[in-house]
Amino acid sequence: MALTLSWEVTGVKTRNETNTDGNTLSDAIVQTYWKCKGVDSDGNEGSFSGATPFSAANVPVGSFVPFANLNEEVVLGWIRSVVVGDYSNHVQMQIQNQIDDASVQEPEMPWAPEPTSGPPE
């Protein structure tokens, strides 16, 4: 069953990082935390939480976006550029497993004694 996915950034870590040109990039994002939620066509939901590190070491000063000027869409773009191929398949499989597990039932055993409704003797 196909999943409709939605993504959100749940946290970041920043630090001043020096790029390969020797320039200090203030408050560069070095760690992200995110959640991907999947909903199937029946409305059943599952989610996967992940963490993706980043480095600004190879980012030229002219391409660096200060933390205060970032938005969630930009950071999600970075994350989604890493969560591809087998990793993307893994995320979706874990979400689908949650959805599938939610429909599993644990019935009473047919040979188990009937529960009594009175006070214990």
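Reply: Start with one term. A strand here is a DSSP run of E with at least two residues, numbered from the N terminus. Q31 sits in such a run, strand β2. Keep in mind that this is a predicted model.

Me: Why is Q31 called buried?

Reply: The cut-off for buried is under 20% relative accessible area. Q31 has 16%, so Q31 counts as buried.

Me: Which residues does Q31 touch, apart from those up to four places away in sequence?

Reply: G11, V12, K13, A51, T52, P53 and F54. Touching requires heavy atoms within 4.5 Å. V104 is another matter: its C-alpha lies 36 Å from that of Q31, and 73 residues separate the two in sequence.

Me: What makes T24 exposed?

Reply: Exposed needs over 50%. T24 has a relative accessible area of 51%, so T24 is exposed. T24 is also found in strand β2. Leaving out residues up to four places away, T24 touches N16, E17 and T18. T24 and A56 are 32 residues apart in sequence, with 9.6 Å between their C-alpha atoms.

Me: Why does D27 count as partly exposed?

Reply: Partly exposed falls between the two cut-offs, under 20% and over 50%. D27 has 40% relative accessibility, so D27 counts as partly exposed. D27 lies in strand β2. D27 also has a positive phi of about 55 degrees, although D27 is not a glycine.

Me: And why is Q94 given that label, partly exposed?

Reply: Q94 has 30% relative accessibility, so Q94 counts as partly exposed. Its place is in helix α2. G46 is 48 residues from Q94 along the chain, yet their C-alpha atoms are separated by 8.1 Å.

Me: What makes a set of residues a nonpolar core, and how many residues has the largest one here?

Reply: The residues must be buried, must be of the listed nonpolar kinds, such as Val, Ile, Trp and Cys, and must be joined through side-chain atoms within 4.5 Å. The largest such core has 14 residues. Those with the most contacts inside it are W7, W34, C36, I79, V83, V91 and I95. Two or more residues come from each of β2 (24-39), α1 (72-82) and α2 (85-102). In soluble globular proteins, nonpolar side chains tend to be buried together.

Me: Which residues is W7 in contact with, leaving aside neighbours within four places?

Reply: W34, K35, C36, L76, I79, R80 and V83.

Me: How do you know what kind of lining the largest pocket has?

Reply: Sort the lining residues by type. Ten are nonpolar, two polar and one charged. The pocket holds about 220 Å³ of space. Of its 13 lining residues, I29, S55, A56, V59 and W78 are the closest to its centre. The largest share of the lining, three residues, comes from β2.

Definitions and conventions: Residues are numbered from 1 along each chain as its sequence is written. This is a predicted model: local features need pLDDT of at least 70, side-chain atom pairs count only at pLDDT 80 or more; totals for chains, interfaces and linings use all residues. Side-chain values use heavy atoms; hydrogens and water are left out. Buried means under 20% relative accessible area, exposed over 50%, partly exposed in between (1.4 Å probe, protein chains only). Helices (H or I, at least four residues) and strands (E, at least two) are DSSP runs, numbered from the N terminus. On a 1 Å grid over the protein atoms alone, a cavity is a set of points where a 1.4 Å probe fits but cannot get out, and a pocket is an open set with protein on both sides within 12 Å along at least five of seven lines; lining residues have an atom within 4 Å of a point. Grid points are joined across faces, edges and corners, and a volume is the space filled by probe spheres set on the points. Ala, Val, Leu, Ile, Met, Phe, Trp, Tyr, Cys and Pro count as nonpolar, Asp, Glu, Lys and Arg as charged, and the others, Gly among them, as polar.
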